[in-house]
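This report describes how parts of one protein chain pack together. The sequence and structure are shown first, and the description follows.

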Amino acid sequence: EEYCWNCHQMMDPLGLPFEQFDHFGRFRTQELVLDVEATNAKSNLDSDGRPRRNLYKRVALDTTGNVEGSLDAELNGPVGHPFELIRKLANSEHVEQVFVRHAFRFFMGRNETLGDGPVLIAAHKAYRENGGSMRALVTSLLTSDAFLYRTATNSADQE
């Protein structure tokens, strides 16, 4: 449907590679889809002309996708399967920085400001220099001035 495609055109390029896994997370190479022709075949119709049951067929999955619109030119581009997408994301410094920013937001309880730039840079450096250590990232954030000298900006924050 047209109204569905408005959102799916943005989601599908990143989401389709993960079709490789079913809703339980099990690896798969095929899926069951409704076989419209077989379902509507004369041999499957009851006396009123309605299908007796839906018939399905197995089809190969299309797990190709595309990363587009990121700020990292090396990250943008096609991917053939979920593992390629994961490798691209894992090897991107930009994705690391986004991860660090979201960790900052979680532990600080607020969005970052321009003044938080040095804290974010230090946290990213600690994360990188320690082989992607979450412990090093959290330690860097929780020992930063931004965390240690937090102040409530309004009465709602004090509750």
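At roughly what angle do the axes of helix H4 and helix H6 cross? In this predicted model, the axes of H4 (residues 93-108) and H6 (residues 134-142) cross at roughly 50 degrees and come within 10 Å. H4 is therefore oblique to H6. The crossing of H4 past H6 is right-handed.

On the H4 side, the contact is made by Phe 99, Val 100, Ala 103, Phe 104, Phe 107 and Met 108. On the H6 side, Met 134, Leu 137, Val 138, Leu 141 and Leu 142 take part. Of the residues in this contact between H4 and H6, 11 are nonpolar, none is polar and none is charged.

**The nonpolar core**

The largest nonpolar core has 11 residues in all. Its members are Val 100, Ala 103, Phe 104, Met 108, Val 119, Leu 120, Ala 123, Tyr 127, Leu 137, Leu 141 and Ala 146. Two or more residues of this core come from each of H4, helix H5 (117-129) and H6. In soluble globular proteins, nonpolar side chains tend to be buried together.

Leaving aside residues up to four places away in sequence, Leu 137 touches Phe 99, Val 100, Ala 103, Ala 123 and Tyr 127. Leu 141 is found in H6. Beyond its neighbours within four places in sequence, Leu 141 is in contact with Ala 103, Phe 104, Phe 107, Met 108, Val 119, Ala 123 and Phe 147. Leu 141 and Val 100 are 41 residues apart along the chain, and their C-alpha atoms are separated by 9.4 Å.

| Residue | Relative accessibility | Class |
|---|---|---|
| Leu 141 | 0% | buried |
| Asn 44 | 5% | buried |
| Glu 96 | 16% | buried |

Why does Glu 96 count as buried? Its relative accessibility is 16%, and buried means under 20%. Glu 96 is placed in H4.

Where is Asn 44 found? Asn 44 is in the loop between helix H2 (36-39) and strand E2 (56-60). With neighbours within four places in sequence left aside, the contacts of Asn 44 are Ala 38, Thr 39, Arg 50, Pro 51, Arg 52, Arg 53 and Leu 55.

Notes
Residues are numbered from 1 along each chain as its sequence is written. This is a predicted model: local features need pLDDT of at least 70, side-chain atom pairs count only at pLDDT 80 or more; totals for chains, interfaces and linings use all residues. Side-chain values use heavy atoms; hydrogens and water are left out. Axes are lines fitted to C-alpha atoms, for helices over the stretch in contact, and angles run from 0 to 180 degrees between N-to-C directions. Helices (H or I, at least four residues) and strands (E, at least two) are DSSP runs, numbered from the N terminus. Angles under 35 degrees count as roughly parallel, over 145 as roughly antiparallel, 65 to 115 as roughly perpendicular and the rest as oblique. A crossing is left-handed if the near helix is turned anticlockwise from the far one by less than a right angle, and right-handed if clockwise. Contact means heavy atoms within 4.5 Å. Ala, Val, Leu, Ile, Met, Phe, Trp, Tyr, Cys and Pro count as nonpolar, Asp, Glu, Lys and Arg as charged, and the others, Gly among them, as polar. Buried means under 20% relative accessible area, exposed over 50%, partly exposed in between (1.4 Å probe, protein chains only). A nonpolar core is a set of buried Ala, Val, Leu, Ile, Met, Phe, Trp, Tyr and Cys residues joined through side-chain atoms within 4.5 Å.
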